[in-house]
Amino acid sequence: MRDQKRVSAHFHANLGLYWLLSGAVFFLFSVVGIPLLLLWFPLGLLAIKRYIANMSAELTEQKLIVRKGLLTRTENTVPLDKITDMALIQGPIMRMFGLHKLTVETAGQSGIGSLINLVGIVDVQEFREKVLLQQSLLRERQTAATDVKNTDTLLVENLQQINATLLRIEQNLTPHSSQ
């Protein structure tokens, strides 16, 4: 069975500007970073554009696939049945740009923090709802499949008991050899 793509996330056009401003604020508040601020705008803008071009998030029937990275590209594939929490975070600068950060936490995850952090998804609440809906649909299918297996097991056990009873009846009905 092929895992079909359901939804692809798109990212806000002003995500690069948000990261550029966030980096500039960081450099501004560090004494060492003030001279680097002049290099940050041209180099940061180029790096941010390439980073955003490499970002993607896809929801399939069974998993969430997130790709990102500039020099080191990473791909996280999270089975939907392992997702335990999807939080939306919005800081003050994010509010200025109308952005949210979506964090995904999973069962069995090691380390502190979330497994996946995605900033700047367009219609992030809708994307989150679609992931959670697909997760519940997957759980319902798994529960239904388990119920069918349990029903099949019960039927087989009942048939075995009926067969054993019929064999006992047959043995009692057959005439015994004369003594």
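You're looking at a predicted model, where local features need pLDDT of at least 70, side-chain atom pairs count only at pLDDT 80 or more, and totals for chains, interfaces and linings use all residues. Residues are numbered from 1 along each chain as its sequence is written, and side-chain values use heavy atoms, with hydrogens and water left out. Helices (H or I, at least four residues) and strands (E, at least two) are DSSP runs, numbered from the N terminus.

**The nonpolar core**

- In soluble globular proteins, nonpolar side chains tend to be buried together.
- Here, the largest nonpolar core has 27 residues. A nonpolar core is a set of buried Ala, Val, Leu, Ile, Met, Phe, Trp, Tyr and Cys residues joined through side-chain atoms within 4.5 Å.
- Leu118, Ile121, Phe127 and Val131 have the most contacts inside this core.
- Elements giving two or more residues to the core include the helices α1 (15–29) and α3 (92–97), plus the strands β2 (56–60) and β3 (63–68).
- Helix α4 supplies the largest share of the core, with 4 residues.
- If you skip neighbours within four places in sequence, Phe127 is in contact (heavy atoms within 4.5 Å) with Val7, Ala9, Ala57, Leu64, Leu102 and Ile121.

- Gly33, Leu37, Gly44 and Ile48 of α2 are buried; buried means under 20% relative accessible area, exposed over 50%, and partly exposed in between (1.4 Å probe, protein chains only).
- Helix α1 is included in what covers the buried residues of α2.
- Over in helix α4 (residues 124–173) you'll find Gln135, which counts as buried because its relative accessibility is 7%.
- Leaving out neighbours within four places in sequence, Gln135 is in contact with Leu80 and Ile83.

**Salt bridges**

- Side chains of opposite charge can pair when their charged atoms come close.
- There are 4 salt bridges in the structure, each being a side-chain nitrogen of Lys or Arg within 4 Å of a carboxyl oxygen of Asp or Glu.
- Arg6 pairs with Glu61, with their closest N and O atoms 3.3 Å apart. Arg6 lies in strand β1 (residues 5–8) and Glu61 in the loop between β2 and β3, so the pair ties together parts that are 55 residues apart in sequence.
- Within it, the closest N and O atoms of Glu75 and Arg67 are 3.0 Å apart.

- Most residues other than glycine have a negative phi, and most peptide bonds are trans.
- Asp123 has a positive phi of about 50°, although it isn't a glycine.
- You'll spot Asp123 in the loop between β7 and α4, where it counts as partly exposed at 48% relative accessibility.
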